[in-house]
Protein chains: 2
Amino acid sequence: MFVNRMPRHEILSEEALATIDGGWRRLVSEIGIQFDHPEALELFRRAGQTVEDDIVKLDPEFVLEQVAKAPSEFRMRARNPANDLHVGGDHMVFVPTQGPPFVRAGATRSEGTLADLERFAQLAQVFPELDSPGSRVCEPNDLDLDSRHLYQQLSVTTISDKVFGGSANSREVARDCVAMAGILFGGREAIDATPVMFAVVNVNSPLRYDGRMLDALLEYTAAGQVVLLTPFLLMGAMAPVTIPAALVQQAAEALAGVALVQLVRPGAPVILGSFLSNIDMQSGSPGFGGPESAIGLLASGQIARRLGLPWRSGGGGLTTSQTVDVQAGYEAFNTLHAAFLAGANWVHQSAGWLEGGLVACYEKFIADVELLQILRAQFTPLEVDEASLAFDAHDEVRHGGHFLGAAHTMERFRDCFYRPMLASTENFERWNRLGARDGAARAAELWPKKLEEWQRPPMDDAVRAELEEYVERRRVELGDPLPTVAHAVG
Amino acid sequence: MFVNRMPRHEILSEEALATIDGGWRRLVSEIGIQFDHPEALELFRRAGQTVEDDIVKLDPEFVLEQVAKAPSEFRMRARNPANDLHVGGDHMVFVPTQGPPFVRAGATRSEGTLADLERFAQLAQVFPELDSPGSRVCEPNDLDLDSRHLYQQLSVTTISDKVFGGSANSREVARDCVAMAGILFGGREAIDATPVMFAVVNVNSPLRYDGRMLDALLEYTAAGQVVLLTPFLLMGAMAPVTIPAALVQQAAEALAGVALVQLVRPGAPVILGSFLSNIDMQSGSPGFGGPESAIGLLASGQIARRLGLPWRSGGGGLTTSQTVDVQAGYEAFNTLHAAFLAGANWVHQSAGWLEGGLVACYEKFIADVELLQILRAQFTPLEVDEASLAFDAHDEVRHGGHFLGAAHTMERFRDCFYRPMLASTENFERWNRLGARDGAARAAELWPKKLEEWQRPPMDDAVRAELEEYVERRRVELGDPLPTVAHAVG
């Protein structure tokens, strides 16, 4: 796992933090949060909060008491212990893009399929820069809507031995995902002790949690699995058009969710989410990777640290670009870099995101992994000691000389610098001779090669059989005719 | 001018700074700096420094005494007072790429010409994000080598009314550039009082200043014009392969130059330069935009602030990419962003750089200006006050609503968010219908349109005539047959 030991980049003053703190307190207590769920409302009512119809007006002190029950750091178990995760503190978890309906490979944009989902899961398994395949890098549109979560879970948990995600569409879906995790880890008790999966619960912003998401929240929380509470704020649409207002709203929404999680199961692992960008006020389309995203990330990280909770950055690698072009490069870098500067503990959408999240792209996946490699190197503290000053090398090379052959260089030349996977440093003549391929074209050659490196991680035959039986039984119960979908890896 | 009021991102500990401080002291005093120039050696000898052949071994305390004479901030006059510059403090100066031999427009890569130089100067004049056209965004290869500086100066000073650069190839070239600046501003005394131009003096690293560069340094300094002293360090070639060693060498080289400048003219304006990257140890090609560049920039800024000198970052917008692709996007963003985080006072190469600096590219120029626009917005402090929290908007919109039509939004929608010049936020269908153009293709349409916005800034006819007479007289003296070069703007 990557541990970010570099200083955080903090942009809010104490005064600004105090103003924002006052803001969310006023929002939760005066406007309140809507919970479209009787069980949630009852929990809040019993805890002494004011419930008016489906609106809960929260005492800010009560909220902070609940927040204090949540662990500031926790462990997640993976099928392969080498891939266990530590969430919180200086640790960073990287999860690829989750859920786009479309897939792009080269110039072809098509609906995502299970085969795509599986290929992306293989890539997430192969690259050590990624800590999880999530639940679905793209939506498997070739599967029946009601039962697709079963096949998703089967794919990600057998293709990868890293921590995985579950779906949060409904209580029934969440139950299936938790049940399959139980099979994988030898029973419900095993996963109850230490979480093995996560689910993203988006807020229906502004200030509203809908019933199906709450169903999933309650189910995952009761099972002790990790919930990522994510206000999804595009300023101008689901939030006001000023960043401070969005930060206040984000805190109000996420903290209300944390309070609910802690009412269900005190001490349950939960991650404070953020996803803050803006719409283009001319077109109404969302914008990603611009200054608002970056400022929002830096401020969100600072606020989360105050609250002592692990924090999910909205994403790394975000862009509105339709292709893997210069725009995709700088927008993705801006969001991913901001996540590092802001000290994010969990970076969602960190590989493959294109077209405002409508597309999961193979070439972009490669480009984003390169960004992760660059930033991991860039956020590794510089060791400065006498030996690192290389005085002897200067004594050897002297004025106007050349360090290529120096003893100091010969000892270190293999690993002294970051070596890019995707970027070209070839001279023009050689680059031209090799076909004058731009970054996207080179990425298109890289991802099929990386797929070849994939090996199915070992799994007990009995466990595999039990998983498959579960999927088959539930498929029938959910009324799904036998699927005839194509798998990438059989 | 842009004023960077955001916090600096500092990555070196006090202990690391002290180690680096000890490092440059040892280097200048024990190995010394080579000055290939009798006048420079004599100045150091008279100041009590140890001169052995052409090596000067400097007392670090003497160096710091000299450094203390240099202004930490100063003003530069432009032909148009609205374009005057403040150098140092929180102010940032942005200069486009300087000097590549080749030019790229779309898929065409060709030798740079005076017409290209002039088009780039027009773009630098048109975009408020750039503070200067420099002396030459590309090399005008269609001009005679000995006299081209005359035409360069004539072009940049008549096409633009911003602060400009001069060439530093030799004493004679520097004299011509200074003389032409004198004509522009009404005499040598006028430019002596407040500098109007700058010259980049690269160190012939490691630890050596060559004779021609020193000639230019002495000439510009005597005339009170700004010298940017830039160690040009590609680790593995001109510096050892560890970043701390390169930082130490950079400080030693630049500070020795500052000491010389202050011996020539105490109080003369001078900028501490840095240009620190690495070579690819496999190919020997330089690499730009990776982690080493960024770490080097952050550390260099921190060291420069300690020394109290205005500081030039190696560059914004650097990349080794051969085209305006995803690699160019993330590498350029990484270096430009690092310059902002590091608090650079002067950002050279901030628009147009491609292919490791061998190419000045029109489309990249546009992309880089967009990066400057993003980063200027991103490095503008967030105003957090009660009004910015938009409580009334929440009161109006309530739970699950939409802010598009809120009064708070209607009051602010025109300028609440950054609006990109180049980035597309169009939906896929519209983007496809409009020709499915990527960022480079859109940039190719933007730069000719921006050129149309250019207007020749007013200049006194007598001044223009005197400049042209100077150029004509010196052309003949330098033995240049009448040039038949094409101008972009006549």
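This is a predicted model: local features need pLDDT of at least 70, side-chain atom pairs count only at pLDDT 80 or more; totals for chains, interfaces and linings use all residues.

Q: Where in chain B does B:Asp53 lie?
A: B:Asp53 sits in the loop between β3 (50–52) and β4 (55–57) of chain B.

Q: What is the phi of B:Asp53?
A: Phi is near 55 degrees for B:Asp53, which is a positive value in a residue other than glycine.

Q: Is A:Asp53 in chain A buried or exposed?
A: The cut-off for exposed is 12 or fewer neighbours. A:Asp53 counts as exposed because 8 C-beta neighbours are found inside 10 Å. The loop between β3 (50–52) and β4 (55–57) of chain A holds A:Asp53. Although A:Asp53 is not a glycine, its phi is positive, at about 55 degrees.

Q: Let us turn to peptide bonds. Which residues of chain A does a cis peptide bond join?
A: The angle to read here is omega. In chain A, the cis bond joins A:Ser205 and A:Pro206, with omega about 5 degrees. A:Pro206 belongs to the loop between β11 (197–203) and β12 (208–209) of chain A.

Q: What is the omega of the peptide bond from B:Ser205 to B:Pro206?
A: For that bond, from B:Ser205 to B:Pro206, omega is near 5 degrees, and the bond is cis. B:Pro206 is located in the loop between β11 (197–203) and β12 (208–209) of chain B.

Technical notes: Residues are numbered from 1 along each chain as its sequence is written. Chains are lettered from A and ligands numbered from 1 in the order in which they are written. Helices (H or I, at least four residues) and strands (E, at least two) are DSSP runs, numbered from the N terminus. A residue is buried if 20 or more other C-beta atoms lie within 10 Å of its own, exposed if 12 or fewer, and partly exposed in between; C-beta atoms are placed from the backbone.
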